[in-house]
Amino acid sequence: MLCVLMTSFLLLDNLMSRLASCIYTICLLYALFLEYWHANEISSESLKIADAAYNINWNKSSTEVRKCIQILILRSQTPLKIRAGGIFPMTLEAFQSLLNATYTYFTMLRGMMAK
């Protein structure tokens, strides 16, 4: 969608249409960035759960509480990942690769339009 919007920006002749296309593209980029940034923050913050659980005073608790804390520590050592479409993890690196692919397709379309 970003590639199509950027390409339509080149095809439009009216200044107001170009401005609307540019604003829509910026808003779409901003919305995508916010989604990917928050998903990345959830992933990085989920790794801190194990440290927080270890730092509480669980050694002096009952055996049942100690077992629960140990299970919590073991399970929280793998980060949570929000996946786009259930396939790709939403990280800032994935957002950067999305932008790189968009720019590649845009330059390819612009080159085809120039011929």
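A: The protein chain has a radius of gyration, taken over C-alpha atoms, of 23 Å, whereas a compact globule of 115 residues would have one near 13 Å; the globule rule is 2.2 Å times the number of residues to the power 0.38. This is a predicted model, in which local features need pLDDT of at least 70 and side-chain atom pairs count only at pLDDT 80 or more, while totals for chains, interfaces and linings use all residues. Residues are numbered from 1 along each chain as its sequence is written, and side-chain values use heavy atoms, with hydrogens and water left out.

Along its principal axes, the C-alpha trace spans about 75 × 25 × 20 Å. Of the 115 residues, 20% count as buried, where buried means under 20% relative accessible area, exposed means over 50%, and partly exposed lies in between (1.4 Å probe, protein chains only). The chain holds 5 helices and 2 strands, which follow one another from the N terminus as α-α-α-α-β-β-α. These elements are DSSP runs numbered from the N terminus: helices are H or I with at least four residues, and strands are E with at least two. Contact means heavy atoms within 4.5 Å, and among contacts between residues at least 6 apart in sequence, 62% join residues at least 24 apart.

Ser-46 belongs to helix α2, which covers residues 15–46. Why does Ser-46 count as buried? It does so because its relative accessible area is 5%. Beyond its neighbours within four places in sequence, Ser-46 is in contact with Ser-76, Pro-79 and Leu-80.

Ile-49 lies in helix α3, residues 48–55. With 37% relative accessibility, Ile-49 is partly exposed. Apart from neighbours within four places in sequence, Ile-49 makes contact with Leu-72 and Ser-76.

The structure contains 1 salt bridge, defined as a side-chain nitrogen of Lys or Arg within 4 Å of a carboxyl oxygen of Asp or Glu. It joins Lys-48 to Glu-45, with the closest N and O atoms 3.2 Å apart. Lys-48 is partly exposed at 48% relative accessibility, and Glu-45 is partly exposed at 40%.

Two further places set this region in context. Arg-83, in strand β1 (residues 83–84), is partly exposed with a relative accessible area of 41%. Its C-alpha atom lies 8.5 Å from that of Ala-39, although Arg-83 and Ala-39 are 44 residues apart in sequence. Not counting residues up to four places away in sequence, Arg-83 touches Phe-88, Pro-89 and Met-90.

By contrast, the C-alpha atoms of Ile-49 and Leu-109, 60 residues apart along the chain, are separated by 46 Å. Leu-109 is one of the residues of helix α5 that make the contact with helix α1, and on the α1 side Leu-2, Met-6 and Leu-10 are included.
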